[in-house]
Amino acid sequence: PLVAMADAEHFEYLFGEDADLYRRTLRLLFSLACEKVFPDRSIQGGYSVANAYWYWIQGVEAVHHNELEMIKAEMLQLVSRDVQVQVEKRPYNEVLQYFIEKEQFIAAKLLSSRIPIGGMVEVKVCMIEEKLHFRLSFFPVFESLGKLRKIPFDLQIYPKGGVMLTYGSRFVDQPAVTSAILELREWSKKTGVNCSADLCDIEEGDGAQKLYIHSCEVRLENKISELAKQIAKHAVSHRLRVVCIAGPTASGKTTFSHKLSLALRAEGVSSMPLTVDHYYLPLDRQPKYQIRHNRADVDYDSIESMDVELVQEHIMALTHGETVMTPIYNMKTGYREHPGKEMRLEEGGTLIIEGIHALNPNYTSKIPENEKFKVYISPIMTLQLDDFNVCKTTDHRLARRMSRDYLFRGNNAAKTLSMWSNVRRGEHTWIFPHQNEADFVFNSAMHCELPILKGRLDQLLRTVPPDNDNFVKCSHLLAVLDSFPTWQESPVASTSILREFIGGSAFNVH
């Protein structure tokens, strides 16, 4: 069933087995309606922003309200007709010709770059007014569009350009996130890599892959330098005690905090990172563990699993020049390793705290607001898979986490997948409500990552059996990865955020 959960800003996120199906089918519905209303225009986008997807109608500077009403009316018509969605294998040439004729050039390029074995293409097929409509099949959707009656949807013009396709209750803007999307989108245009198929054009033999990986790293280094200068400017006008860095799982927070500390030193700001995720309560003090003594019950993404009092105590002690023994938490055992790690800030130094809950006011409530600088970090992807779907940020993070869990936490792919729903639920409860409070949003995504992660992930995902509860999610990830080439990880710098997830980090973090 679909389960709606409202956050502090009163908009809904959907959970449950049908939630992903609803969102994917909604994007399919929008694409079909746009094709009918604007047969001579291409549509691109699909970026997730709160409870909405962000699209652009190509060749149009501004969309008019009456045009949106036409699209919505067509969407409602398709839903009321309960148009069926079939999954079929069709001949390569037939599908390619369709995409070219309909000006779905991203889908056409992907199909040309990744020709399927046997020459048959798996597509979603809809029959509308006795005409066939094809879409590439990356993931499962509802078998009919009539199922979208469950949750309301709407369209609205977005001030920064394009159209927001919203679902659930009212749309609450996330301007920092949309700015991060625009920044990476513009950078991608300059590099000529806008979709997964573009990565297939970058060859290994002439060193082009190494250069592209390096250019992705340079972009992140430039953003870190920009952030460091902004923080240093803040520190001139105020006594800056704490920089708080938070973001959802697998955002690269730990490596980022070390790199930011180095950049701040270059700006004359003495700083030191503190990983708050080491402040988990020992297993025998975890509230949910005490009920059944089953570690699987522990929700490590909930703030109740954290030793909040010790976090507060150490933050206050460190920012007042005292020496503390910080804990080292062993994720495999569930207990702290003794004696811990001694830590002390230089006089007048700034403490960088990072962790999934680092923006939670409970941690730093005793520090004045003007003595804090808040950073939200997430790998916000902008690579198109086809014309209507981008590579989801959540899939990107899951890929990172799956690699890290396997290498450093003893978890296979099935285990990581089994935890993912609870992880996502916890993010919407504890992390995302605070993201608009950040002074800076850092987009840690590099478009070279999935080709690098693909080799390991393909092997891990193919060990998940068909009778596993998460086999559908596993198949979806494999289909997404199939849209990318496979690259070597050797060109990745030891200081890269990506090294946090593939090993070999100069900062010895994971």
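Author: A helix crossing is left-handed if the near helix is turned anticlockwise from the far one by less than a right angle, and right-handed if clockwise. Helices (H or I, at least four residues) and strands (E, at least two) are DSSP runs, numbered from the N terminus. This is a predicted model, in which local features need pLDDT of at least 70, side-chain atom pairs count only at pLDDT 80 or more, and totals for chains, interfaces and linings use all residues. Residues are numbered from 1 along each chain as its sequence is written, and side-chain values use heavy atoms, with hydrogens and water left out.

Reader: Fine. What is the handedness of the crossing of H1 and H2?
Author: Right-handed. The axes of H1 and H2 (residues 65–80) come within 9 Å and cross at roughly 120°. Axes are lines fitted to C-alpha atoms, for helices over the stretch in contact, and angles run from 0 to 180 degrees between N-to-C directions.

Reader: So what do you call H1 and H2 relative to each other?
Author: Oblique, because of that angle. Angles under 35 degrees count as roughly parallel, over 145 as roughly antiparallel, 65 to 115 as roughly perpendicular and the rest as oblique.

Reader: Which class of residues makes the contact of H1 with H2?
Author: The contact has 12 nonpolar, no polar and 2 charged residues. Ala, Val, Leu, Ile, Met, Phe, Trp, Tyr, Cys and Pro count as nonpolar, Asp, Glu, Lys and Arg as charged, and the others, Gly among them, as polar.

Reader: And H7 with H8, at what angle do they cross?
Author: Roughly 60°, with the axes of H7 (residues 208–237) and H8 (residues 253–266) coming within 9 Å. The crossing of H7 and H8 is right-handed. In contact (heavy atoms within 4.5 Å) are, among others, Ile-224 and Leu-227 of H7 and Phe-256 and Leu-260 of H8.

Reader: Changing topic. How many cavities of 30 Å³ or more?
Author: 6. On a 1 Å grid over the protein atoms alone, a cavity is a set of points where a 1.4 Å probe fits but cannot get out, and lining residues have an atom within 4 Å of a point. Grid points are joined across faces, edges and corners, and a volume is the space filled by probe spheres set on the points.

Reader: What volume does the largest cavity have, and what lines it?
Author: About 110 Å³. The lining includes Arg-24, Lys-124, Phe-139 and Asp-386. H1 gives the largest share, 4 residues.

Reader: And the second largest cavity, what volume?
Author: About 90 Å³. Its lining has 5 nonpolar, 3 polar and 5 charged residues.

Technical notes:
1 Å grid on protein atoms, 1.4 Å probe; cavity = no way out; pocket = protein on both sides within 12 Å on 5 of 7 lines; lining within 4 Å.
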